[in-house]
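This report goes through a strand arrangement, a helix that crosses it, and several charged pairs. The sequence and the model are shown first.

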Amino acid sequence: MNFRELGLDERLLEGIDAMGYETATPVQAQVIQPILEGRDIIASAQTGTGKTAAFLLPIIHKMLTSPHPANHINAMIIVPTRELAIQIAETMEGLGYFTDISCIAVYGGGDGNSFVTEKKALSSGVDMVVCTPGRMIAHLNMGYVKMNQVNYLVLDEADRMLDMGFNDDIMKIISFLPKKRQNLLFSATMPQKMRDLARKLLHDPVEINIAVSKPPEQIVQEAYVVFEPQKIPLIKHMLNSKAYTRVIIFCSKKQHVKQLASELKRARFSIEEIHSDLLQDKREQVMQDFRNKKLKILVATDILSRGIDIEEIELVINYDVPNDGEDYIHRIGRTARAETKGTAITFISEAEQRKFAAIEQLLGKPVTKVAVPEEFGPAPAYAPKSGGRSGAGGGRPPGNRPGGNRPGSNRPAGNRGAGGGNRADGNRSSREQGASGS
Ligand code: AMP
C-alpha cells in the first residue's frame, strides 16, 4: 500500500518522500486508517516494524486538518527511555518537516538548561510532547503544563514501561488529561498486565497484531561497521576472497545499485544490476542468466527481496542497512533456502548504526560484528545510541535532505539538547520557536 492511498495530507506525503519511505509497512497499513477514523488502538508491534510512523502520520494528519488551540499540547507520547524519546522526536522532525507542527522530547538526565527549555516549551504549548514518565511528572508537579487540549495519547513500548515500574507514573500523567481523547497503545508483548491497562484506558479499541517473522536459524549473520567509503573496496575484497557462484547484493536505492554495479563491472566481476528503471525484458533476461548461473552476482534494490525463489544463494550482502526489520529478514531470507546454509553480511555506516540497532532489537539478539581488515584503515566503533547519527532519515545521507543540513537530524545524538525534535531553521512558526527556545 502506498501512502497516497491513505489520503494523507500533501505536506506529510512530502515528508514521507523525503524520508525515503515508498510503501507502508504492515503495521502502518493496518493502523493508519483506524487512527484517522478516530478509533483507539491496541497494537502488538516491535521496534523495527515502522510503528513510530504508524502513529505519527495519522496524528500529524489530524492535527493539520482539524485545528486546535495553538498554545496547548495536542498530542502526548509516553515512552520508557530517553533514547526512544529522541528517536521519535527525530522521526517527527523528518515526517513533519513540511508542516508547522512543533514537537519536543522531554526526558530526564539532562542538565538544568534542558529543564528550562522543556519548561518554556511546555508552558507556551508545543503541539506534540514525547516524554519519559518521571520527567513529565516533574514538570506536571510545577503546575505550568497545559494538558486540557490533549486529543491524542500514545503509550509506546508499554510493556517495557510496566516492566520498568512506570505504571503509577503513567496513571498519574493520564489523570491530568481530558477524558475525551484518542488512545493508542503499542507494545511488543501482550502480557495480562498489559491487557489490564488496556481495559482501563482504551475505549472499544481496534486490536492489531503484527506477527514478526524470524530469519531461518541456519543463516550465518555478520556485519561490518564501516565508514561509507569503505563499503565498495570491502565488497570487492570479499567477492575476490572466494569463488562464489551466486551472490545478491541489496541496496536501498537505485542510485546505489547503479553506482556499485558500475564499479563491480569495471573490476570485471560477473555482475548485473536489477531495479525498477530496467525494462521488463531486460529484468527477465538478467534473472534468467542468474538462475542459469551465467551470471554470478546480482546488485538489486528491494524489488528482489520478497518472493524470488532461487536456490543456492550462498551470500547476501546488504550494501545499505535495510529500512526496517521486515526488509532485513526478507533480504537475508534469499540465502539459506530449503535448509541449505547461507551467509548474510551487512555493512553499517555511521549514519545507519541506529537503524541497525532497531533491526537487532527486532531479531532479539545482536548480529556478530566482524573486524574490518587492517588494510582498509581504521573503522568506526559500533555505538548506535551515542555516536551514530540518526537512522530516522531512512538511510538518506547527511546533507541530502530537503532544506539542506537540518539541525537535529545530522547532529550526533549525544550533542542534542532537550528539544530533540525541535528545529531551529529560522523559518518555523513563532509558536514553535518559543517551544524550542531558539
Ligand atoms: P520503528 O519500528 O518505528 O523504529 O522504525 C524502524 C525503521 O523503519 C526506522 O528506521 C524507520 O525510519 C523505518 N521506516 C518506517 N516506516 C518505513 C517505511 N514505510 N518505509 C521504509 N522505512 C520505514
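## Salt bridges between loops

A salt bridge is counted here when a side-chain nitrogen of Lys or Arg lies within 4 Å of a carboxyl oxygen of Asp or Glu. The model is a predicted one, and by this rule the count comes to 21 salt bridges.

One of them joins aspartate 204 to arginine 39, with 3.6 Å between the closest N and O atoms. Aspartate 204 sits in the loop between helix H9 (192-201) and strand E7 (206-209), and arginine 39 in the loop between helix H2 (26-36) and strand E1 (41-44), so the pair ties together parts that are 165 residues apart in sequence. Aspartate 204 counts as exposed, at 51% relative accessibility, while arginine 39 is partly exposed, at 31%.

## A buried pair and its network

Aspartate 156 forms a salt bridge with lysine 51, and the closest N and O atoms are 3.1 Å apart. Because aspartate 156 lies in the loop between strand E5 (152-155) and helix H7 (158-163), and lysine 51 in helix H3 (residues 51-65), this pair ties together parts that are 105 residues apart in sequence. Both aspartate 156 and lysine 51 are buried.

These two residues belong to a network of salt bridges that links Lys51, Asp156, Glu157 and Arg160.

## The seven-stranded sheet

An open sheet of 7 strands runs in the order E10-E11-E9-E12-E13-E8-E14, with parallel pairing. Strand E10 (271-274) and strand E14 (368-370) stand at the edges; each has a single partner strand, so one side of each is left without a neighbour in the sheet. From one strand to the next the twist averages 25 degrees.

Within this sheet, strand E8 (residues 219-225) and strand E13 (residues 342-348) run parallel and are joined by 7 bridges. Alanine 223 has threonine 346 in E13 as its bridge partner.

## Helix H11

Helix H11 (residues 254-266) lies across strand E9 (247-250), E10 and strand E11 (297-300), and runs at about 170 degrees to E10. Histidine 256 is in helix H11 and counts as buried, at 13% relative accessibility. Leaving aside residues up to four places away in sequence, histidine 256 touches Cys251, Tyr319 and Asp320.

A salt bridge joins glutamate 263 to lysine 236, the closest N and O atoms being 3.5 Å apart. Glutamate 263 lies in helix H11 and lysine 236 in helix H10 (residues 231-241), so parts 27 residues apart in sequence are tied together. Glutamate 263 is partly exposed, at 24% relative accessibility, and lysine 236 is also partly exposed, with a relative accessible area of 24%.

Definitions and conventions:
Residues are numbered from 1 along each chain as its sequence is written. This is a predicted model: local features need pLDDT of at least 70, side-chain atom pairs count only at pLDDT 80 or more; totals for chains, interfaces and linings use all residues. Side-chain values use heavy atoms; hydrogens and water are left out. Two strands pair if DSSP finds at least two bridges between them. Helices (H or I, at least four residues) and strands (E, at least two) are DSSP runs, numbered from the N terminus. Axes are lines fitted to C-alpha atoms, for helices over the stretch in contact, and angles run from 0 to 180 degrees between N-to-C directions. Contact means heavy atoms within 4.5 Å. Buried means under 20% relative accessible area, exposed over 50%, partly exposed in between (1.4 Å probe, protein chains only).
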